[in-house]
Amino acid sequence: MSAIGSFPARGMIRSWLKAGVFEPGKGFAPTEEGSPQGGVISPCLLNVALHGLEEAAGVRYGPDGIRIARGSPVLVRYCDDFVVCCHTRQQAEQVKARLAGWLAPRGLAFNDEKTKVVSLEAGYDFLGFNIRRYRNGKLLIKPSKAAVRRVKQKLAGQMRRLRGQNASAVLAAICPITRGWASFYWSGVSKQTFTDVDDYLWRLTYKWACRSHPRKPKHWIVRRYFGRFNPPRRSNWVFGDAASGAYLPLMAWTPIIRHRKVTGRASPDDPALTAYWNQRRGTNQPPLDRSTLRLLKIQHGRCGLCADLLLHADREPHTPEEWQRWHRTTRKAITRQLIAREPGTPDATRLIHTYCQRRATSAHSQEPASSCT
């Protein structure tokens, strides 16, 4: 409360902190202070409480205010998780002591089990990534082993629950998971990891197919569920549904696009930087297939029927789970429509909202039939 000063919503925020917690089945539990773990406002309040952490760590900028000064530590924070990159172990210990003293008046302290000082050669995990400098001197940022283990366990659990379902149900459940995970890690050194997870998922789908048809020979199962569903990729072992033509894209097909660091201390809330953030969002392409991206570009990102935006992305997803929900929502919200052209010319395809298609179909079906006399 002291950090926000005379903020106009000061009274409302004070009420949030003392509002209590309601859980279905457990009722209401009063709270004296703080927000519940996982609350939607918790990250915002934490950003307010930890504002100034960089200065407390001793981070210094050059004359341009953008580049880090030589010899200065570098701090990267996401909510309450942060890492400080220092030049020596002694500097790291000094920064840790300064931050402990800065956090104490705010009622915060380090988690001793998770806080440690390590060398870059040994590497460390941060937000699902592993950062390590290898013997050849290269610094590589890869998906962490724990993150790979979690996604494999999630895929295995989903495939167990899908026993007895058809291929269409498998694709509807698995595609958002793999696409979401690949979209989160496509900025790192992830190609080999994507291939390893693809191999693991192939074994899961093959086992599922054999379990679904225990009396059929293996070559029959392979012909039914695996094939070259995406001809340009020239892979004969893609899992798919022969009836609909839908298939499970391999994560190894995901292009690696490096993250572009935000310039200096640029904030999306700064009205003077609106052009900068619009240009940055326009440069970052959404993780969709090439044909969809081509149609989005042709249509300037707008629906062919209502002319409203097809994708709404005020904030890019920050976790694999958020990317998973983004892909599932996008798949349900956008569909393709064939536009009949003159005889002898191929039909064109355009992207439209699913609800626009339903509305148009409903209006067309309710039109009175014309009669000839």
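Mentor: Patches are built from residues with over 30% relative accessible area and no salt bridge, with like charges joined within 9 Å and nonpolar side chains (Val, Leu, Ile, Met, Phe, Trp, Tyr) within 5 Å. Here R160, R161, R163, K207 and R211 gather into one of positive charge on the surface. This is a predicted model, where local features need pLDDT of at least 70, side-chain atom pairs count only at pLDDT 80 or more, and totals for chains, interfaces and linings use all residues. Residues are numbered from 1 along each chain as its sequence is written, and side-chain values use heavy atoms, leaving out hydrogens and water.

Trainee: Why is R211 called exposed?

Mentor: Exposed means over 50% relative accessible area, buried under 20%, and partly exposed in between (1.4 Å probe, protein chains only). R211 has 53%, so R211 is exposed. R211 sits in helix α7.

Trainee: What makes the W181 and F194 pair edge-to-face?

Mentor: Rings of Phe, Tyr and Trp (its six-membered ring) pair if their centres lie within 6.5 Å; planes under 30 degrees apart are stacked, over 60 edge-to-face, the rest tilted. The whole structure has 18 aromatic pairs. For W181 and F194, the centres are 6.1 Å apart and the planes at 65°, so edge-to-face it is. Both residues, W181 and F194, are buried.

Trainee: And what makes the W202 and F226 pair tilted?

Mentor: Their planes are 45° apart, with 5.8 Å centre to centre.

Trainee: How do you know whether W202 is buried or partly exposed?

Mentor: W202 has 28% relative accessibility, so W202 counts as partly exposed. F226, at 5%, counts as buried.

Technical notes:
Accessible areas come from the Shrake-Rupley method with a 1.4 Å probe; for residues, only the protein chains shown count as cover. A salt bridge is a side-chain nitrogen of Lys or Arg within 4 Å of a carboxyl oxygen of Asp or Glu. Lys and Arg count as positive and Asp and Glu as negative; His and the chain ends are not counted. The place of a charge is taken as NZ of Lys, CZ of Arg, CG of Asp or CD of Glu. Helices (H or I, at least four residues) and strands (E, at least two) are DSSP runs, numbered from the N terminus.
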